[in-house]
Amino acid sequence: MVLKFDRYKLGNFPTPIEFLKNISNHLNGPQIFIKRDDCTGLATGGNKTRKLEYIMPDAVKNNASLVITLGAVQSNHARQTAAACAILNLKCLIILEQRLENAPDVYFTSSNVFLNKLFGAEIKVCPKNENIDNFVNKIMEIKKNEGESPYFIPVGGTNEIGELGYIECIREIVQEQKEQTFTHIVLASGSGGTHSGSIVGKIFYKSKINIIGISVKDNKNIQEEKIFNLAKKGCKYIRCPFPKREDVVVFDDFVGKGYGVPTNGMKHAIKLMAQKEAILLDPVYSGKAFDGLINLIDKKYFKDTDKILFIHTGGAVSLHAYEWAFE
Ligand SMILES: Cc1ncc(COP(=O)(O)O)c(C=O)c1O
């Protein structure tokens with residue numbers, strides 16, 4: 001059963017599921033499959049397409065003249081929001097938060113930043129010494145005073161509307177891929193909507209699949225609590241039973257020095273995926289998440305008979321902005 005909420009078609013669904021034969025052989029553990037949400041199709045694809053398919057109708061319903069959102073400098077969410085606004089003929093303002101110290105200039109100008117501009121979005125950078133929430137509120141007020149009707153999308157498109165996108169992703173996995181019974185899903189857990197929406201989807205579609213989030217920023221306790229609360233909100237929104245606390249599993253060992261800061265594990269994971277499967281992961285999310293999966297396999301967290309589905313949430317656009325990290 002497909003959930004009945006307002007939805008615009010912004011991407012191509014269902015995304016394919018592929019068997020990672022070379023990597024599965026190489027790691028000599030469980031079979032690994034990949035759900036190609038990097039191929040969702042909006043502005044080079046990624047997980048935000050799914051969320052925006054439900055968020056943008058809400059913006060239109062609220063008579064938005066301008067969509068405002070925020071993210072890190074190389075935010076993929078910002079790029080996909082700017083693209084969705086272009087399609088829907090809405091103005092878009094992107095607020096960028098400088099979370100990375102000592103990054104070279106290319107990080108601030110290329111890849112997602114360049115594409116935001118190409119899609120016609122206005123960009124404002126939050127000064128380093130200013131609190132991001134205060135800065136966002138200030139910009140919202142300025143835009144209202146200028147006569148705009150701004151619609152605010154929270155960081156990562158994570159709220160109960162955005163979560164609908166990943167409830168739908170689980171429907172694709174559970175209902176449209178019946179021939180494969182996956183034991184585990186592994187995904188990057190950031191602002192949380194992808195992870196929490198997947199948990200809500202698991203409950204709604206009565207799946208037994210174990211969902212493992214690899215944190216890209218916060219420690220295990222903070223991230224699990226956040227995901228648990230988001231999942232409860234999502235369940236309330238679609239009126240389904242709440243998750244159990246133990247349904248929320250996060251590993252925080254692969255963040256390294258912080259959000260967006262390159263790690264050796266991430267670089268190894270990206271190179272392995274490129275050289276064995278010719279698939280591009282990204283340095284901030286899917287690269288760290290895949291590093292997590294490799295390590296969990298090494299530590300025998302899974303049985304060899306398990307079938308793992310790695311959700312590739314996109315982001316490879318930012319590889320160019322991170323070329324320096326691979327030198
Ligand atoms: C490529 C990519 N993967 C994963 C994530 C994490 O998704 P979420 O913010 O829903 O946790 C993001 C978020 O921006 C992303 O851009």
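Colleague: Which residues are buried in H10?

Modeller: This is a predicted model. In H10, the buried residues are Met266, Ala269, Ile270 and Met273.

Colleague: How should I read that spacing along a helix?

Modeller: An α-helix has 3.6 residues a turn, so residues three or four places apart point the same way. Now the case here. Seen down the axis of H10, the buried residues fall within an arc of 95°, so they line one face of the helix.

Colleague: Which residues are exposed on the other side of H10?

Modeller: Asn264 and Gln275.

Colleague: What covers the buried residues of H10?

Modeller: The cover includes helix H1 (21-27) and helix H11 (286-298).

Colleague: What span should H10 have, at 1.5 Å a residue?

Modeller: H10 runs over residues 264-277, which is 14 residues, and should span 20 Å. Its end C-alpha atoms are 19 Å apart, which agrees.

Colleague: And how far apart are the end C-alpha atoms of H6?

Modeller: They are 20 Å apart. Helix H6 covers residues 132-145, and its 14 residues should span 20 Å, so the two figures agree.

Colleague: How many of the 14 residues of H6 are buried?

Modeller: One; H6 is hardly covered.

Colleague: Next, backbone angles. What is the general rule for phi and for peptide bonds?

Modeller: Most residues other than glycine have a negative phi, and most peptide bonds are trans. Now look at what follows the two helices. Just after H10, Ala278 takes a positive phi of about 55°. H6 is followed by Gly147, with a positive phi near 95°.

Colleague: Which loop holds Thr44, and what is its phi?

Modeller: Thr44 lies in the loop between strand S2 (31-35) and helix H2 (48-61). Its phi is positive, about 80°, although Thr44 is not a glycine. Thr44 has 19 other C-beta atoms within 10 Å, so it is partly exposed.

Colleague: Is Asn102 buried or exposed?

Modeller: Exposed, because Asn102 has 6 C-beta neighbours inside 10 Å. Asn102 also has a positive phi, about 60°, and is not a glycine. Its loop runs between strand S4 (91-97) and helix H4 (105-109).

Colleague: Where is the peptide bond with omega near 0°?

Modeller: Look from Phe13 to Pro14: that bond is cis. Pro14 sits in the segment before S1.

Colleague: Gly11 is in the segment before strand S1 (17-19) too. Is Gly11 buried or exposed?

Modeller: Gly11 counts as buried, because it has 22 C-beta neighbours inside 10 Å. Leave aside its neighbours within four places in sequence. Gly11 is then in contact with Thr40, Gly41, Leu42, Thr49 and Glu53.

Colleague: What does Ser110 touch, beyond residues up to four places away in sequence?

Modeller: His320 and Ala321. Ser110 is in the loop between H4 and helix H5 (111-118). With 18 other C-beta atoms within 10 Å, Ser110 is partly exposed.

Colleague: Now the whole protein. Into which domains is it divided?

Modeller: Domain 1 is 17-46 + 159-326, and domain 2 is 48-157. Their C-alpha centres lie 24 Å apart. The contact takes 28 residues from domain 1 and 29 residues from domain 2.

Colleague: Which helix gives the most to the side of domain 1 that touches domain 2?

Modeller: Helix H7 (residues 163-176), with five residues. By class, that side of domain 1 has twelve nonpolar, 15 polar and one charged residues.

Colleague: Last feature, the ligand. How many residues surround the ligand?

Modeller: There are 20, and the closest are Gly156, Gly190, Tyr285, Thr313 and Gly315. The shell has two nonpolar, 17 polar and one charged residues.

Colleague: Which elements each supply at least two residues of the shell?

Modeller: Helix H3 (76-88), strand S7 (184-189) and helix H8 (193-204). The largest share, three residues, comes from H8.

Colleague: Where does the ligand shell lie relative to the domains?

Modeller: Domain 1 and domain 2 both give residues to the shell, so it lies between them.

Methods. Residues numbered from 1 in each chain as written. Predicted model: local features only at pLDDT ≥ 70, side-chain atom pairs only at ≥ 80, totals over all residues. Near = placed C-beta within 6 Å. Helix = DSSP H or I, 4+ residues; strand = E, 2+ residues; numbered from the N terminus. Nonpolar A, V, L, I, M, F, W, Y, C, P; charged D, E, K, R; others polar. Domains from an automatic or database assignment. Expected span 1.5 Å × (residues − 1). Buried ≥ 20, exposed ≤ 12 C-beta atoms within 10 Å, placed from the backbone. Arc of directions from axis to C-beta. Contact = placed C-beta atoms within 7 Å.
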